[in-house]
Protein chains: 2
Amino acid sequence: MSSGTGIDKAPERISEAEHAVMEVLWHRAPQTAVEVCENLCDARDWSIPTVKTLLARLVSKGALATQPDGRRFLYTPLLERSDYVGTESRRLVDRLFGGRAAPLFAHLAQSEALSAQDIAEIERLLAELKK
Amino acid sequence: MSSGTGIDKAPERISEAEHAVMEVLWHRAPQTAVEVCENLCDARDWSIPTVKTLLARLVSKGALATQPDGRRFLYTPLLERSDYVGTESRRLVDRLFGGRAAPLFAHLAQSEALSAQDIAEIERLLAELKK
DNA sequence: ACATTCAGACTACAAATGTAAACATAACGT
DNA sequence: ACGTTATGTTTACATTTGTAGTCTGAATGT
C-alpha cells in the first residue's frame, strides 16, 4: 500500500510550518501559492514570501509536485496525508511509548482527551478489528 | 494535577536529542553525566561532550535539577515524564487529527501498529472509562 | 514595443538543534 | 605543593526551521 514507485527516497522530514501548508493542499488541490496564502496567512500571520519559501522547500523535499499554469504554478501533494500521518503517529508511539499504542491510549484517556464520541468510535473500530 | 508550584513558566520545548537524555533519567535518577552517557552514547553514537551539552540545556530549560555531589553533579528530572508525554501526545493529536483521538486510533489500527495485547489493554481501559 | 506587474528563484538572517572541541577549575594522588 | 585528571562551562559550527526581503524574467495592458 501507498508509495507505488518502489523508489522510496528517505523521505525528508517535514517541519511544522511545512505541514501547515500540506494540510491546506490536502484539503484542496491543486492550488497556487496565492491561494494557499489566502488559506493560511491570516491564521498563521504569515506573508506571501513565507508561503512561497515553504512551498519551495516542500517541492525540493519531494512532498509537492508543481504544474505550470500560465505564469504561475499549481501545487499538488505527492506525499499522501495518510502516509504522513501514519509516519508521524508511529514516530510518536515509538519514541514515547516503546512502540505500543495502549499506553498512548491510556494517556489520552487520563488527560480527558477522549470525547464520548471518540470512545464510541473507538469501540466501533475495536469491533471491526475483531471480526 | 501535576505541576505543584502554580508557576508554570511556559515550558520550553524539549528537542528529540534532549528527550533521549530525559528518558535515561526518568528510568533512573539521579545520575551523573558520565552515567547518562554510559546509558546513551553507544546507542546514539554520542560523545560525552554532547551529553553534557544536552544536560546543560535541559537544566537551563528547567527540565532537570542538579545537585552537587563532590566535584560532579547529579541530575534529576524536574519535568515529569507523564507531563511530557501528555503534552507531546496532545500536540500530535491536535496537529494531525484536529484534537480527536479516534482518528489516531483508526490510523494505528490500520497500520497494524496495534498488537493483540494493545487491543486487549484498550478494551480494558474503555471498560474502565465507562464505569 | 514598452512599462508595469506578478510569479517564482535566490538570498538573508536569527533561533533552535545536533554534535563536539577547548577551556577552566577543583580534587586527588604522590 | 604540584601536576594530572575528572567535571562542568564556554565556545564553536553546521544544519534545519521560521520568516521574509530582493532579484529576475515573463505575461499583460495600452
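## Exercises on a two-chain model

A:D45 is exposed, with a relative accessible area of 68%. Here, exposed means over 50% relative accessible area, buried under 20%, and partly exposed in between, using a 1.4 Å probe and protein chains only.

This is a predicted model, in which local features need pLDDT of at least 70, side-chain atom pairs count only at pLDDT 80 or more, and totals for chains, interfaces and linings use all residues. Residues are numbered from 1 along each chain as its sequence is written, chains are lettered from A and ligands numbered from 1 in the order in which they are written, and side-chain values use heavy atoms, leaving out hydrogens and water.

**Exercise 1.** Find A:D45 and say where it sits and what its phi is.

*Solution.* 
- Step 1: go to the loop between α3 (41-44) and α4 (48-60) of chain A; A:D45 is there. Helices are DSSP runs of H or I with at least four residues, strands are runs of E with at least two, and both are numbered from the N terminus.
- Step 2: check the backbone. A:D45 isn't a glycine, yet its phi is positive, about 60°.

**Exercise 2.** Work out the overall build of chain A: what pattern does it follow along the sequence?

*Solution.* 
- Step 1: count the elements. Chain A has 7 helices and 2 strands.
- Step 2: read them in order, and you get α-α-α-α-β-β-α-α-α.
- Step 3: look at the spread. The radius of gyration of chain A is 18 Å, well over the 14 Å from the globule rule for 131 residues, so chain A is more spread out than a compact globule. (The radius is taken over C-alpha atoms, and the rule is 2.2 Å times the number of residues to the power 0.38.)
- Step 4: The C-alpha atoms fill roughly 55 × 40 × 25 Å along the principal axes.

**Exercise 3.** Is A:E18 buried or exposed, and what is it in contact with?

*Solution.* 
- Step 1: locate A:E18 in helix α1 (residues 16-27) of chain A.
- Step 2: A:E18 counts as buried, with 3% relative accessibility.
- Step 3: skip the neighbours within four places in sequence. A:E18 then is in contact (heavy atoms within 4.5 Å) with A:R13, A:L54, A:R57, A:L58 and A:K61.

**Exercise 4.** Which peptide bond is cis around A:P30?

*Solution.* 
- Step 1: A:P30 is in the loop between α1 and α2 (33-38) of chain A.
- Step 2: the cis bond joins A:A29 and A:P30, with omega about -5°.
- Step 3: in chain B, the bond from B:A29 to B:P30 is cis too, with omega near -5°.

**Exercise 5.** Relate the two chains, then see what α6(A) packs against.

*Solution.* 
- Step 1: superpose chain B on chain A with a rotation of 179° and 0.0 Å of shift along its axis; the RMSD is 0.1 Å.
- Step 2: name it. That's the relation of a two-fold axis.
- Step 3: the same surface serves both copies, as 98% of the contact residues of chain B recur in chain A.
- Step 4: zoom in on α6 (residues 101-110) of chain A, where 7 of 10 residues are buried, including A:L104, A:F105 and A:L108.
- Step 5: these buried residues of α6(A) pack against α5 (81-97) and α7 (116-130) of chain A, together with α5, α6 and α7 of chain B.

Notes:
Copies are superposed by least squares on the C-alpha atoms of residues with pLDDT of at least 70 in both.
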